[in-house]
Amino acid sequence: MEEEKNKYAILCLLNHKNRLGNDIKIWHDYALKNYYFVDPDPIYPKLNELEMQGLICPIESSDGLEPAQKTYQITDKGREDFNVWRDETRHVRLTIHYLNRFRPER
């Protein structure tokens, strides 16, 4: 499962709250940049992959901004996958630590 670090980082974040794609990118690029936990690969292809796997799904934003931004939520399948990973790895406590580092600057 080491090759899927970004997958579980994203599922960890979405397990707690729906997020805009840009917020996920900020979290990925800045909050976790000093940790081995994530790969430096671009985040949007990973979001598309997770969507195709049925682990996350987009919700169209209704804030009136143009162009409409995607807000992502974890699916039941994604939550189940994340919980299995969390319970079977040594990352049980680390997931909380990484999630707490999400503080996008506005």
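Strands are DSSP runs of E with at least two residues, helices are DSSP runs of H or I with at least four, and both are numbered from the N terminus. The structure described here is a predicted model, in which local features need pLDDT of at least 70 and side-chain atom pairs count only at pLDDT 80 or more, while totals for chains, interfaces and linings use all residues. Residues are numbered from 1 along each chain as its sequence is written, and side-chain values use heavy atoms, with hydrogens and water left out.

The chain contains 5 helices and 3 strands, arranged along the sequence as α-β-α-α-β-β-α-α. Of its 106 residues, 37% count as buried; buried means under 20% relative accessible area, exposed means over 50%, and partly exposed lies in between (1.4 Å probe, protein chains only). A contact means heavy atoms within 4.5 Å. Among contacts with a separation of 6 or more, 60% come from residues 24 or more positions apart.

Strand S2 (residues 56-60) includes Ile59. With a relative accessibility of 32%, Ile59 counts as partly exposed. Beyond its neighbours within four places in sequence, Ile59 touches Asn18, Gln69, Lys70, Thr71 and Gln73.

Two packed helices are described by the angle between their axes and the distance between the axes. For H1 (residues 5-14) and H3 (residues 43-52), the angle is about 75 degrees and the axes are 10 Å apart. Here the axes are lines fitted to C-alpha atoms over the stretch in contact, and angles run from 0 to 180 degrees between N-to-C directions. H1 and H3 are therefore roughly perpendicular, a term that covers angles of 65 to 115 degrees. On the H1 side, Asn6, Lys7 and Ile10 take part, and they meet Ile43, Lys46, Leu47 and Leu50 of H3. The residues of this contact comprise 4 nonpolar, 1 polar and 2 charged.

Helix H4 (residues 76-88) has 13 residues, which should span 18 Å at 1.5 Å a residue, and this agrees with the 18 Å between its end C-alpha atoms. The expected span is 1.5 Å times one less than the number of residues. Which residues of H4 are buried? They are Gly78, Phe82 and Trp85. These three cover an arc of only 65 degrees around the axis, so they sit on the same side of H4. On the other side of H4, Asp76, Lys77, Glu80, Asp87 and Glu88 are exposed.

Technical notes. Angles under 35 degrees count as roughly parallel, over 145 as roughly antiparallel, 65 to 115 as roughly perpendicular and the rest as oblique. Ala, Val, Leu, Ile, Met, Phe, Trp, Tyr, Cys and Pro count as nonpolar, Asp, Glu, Lys and Arg as charged, and the others, Gly among them, as polar. The arc is that of the directions from the helix axis to the C-beta atoms.
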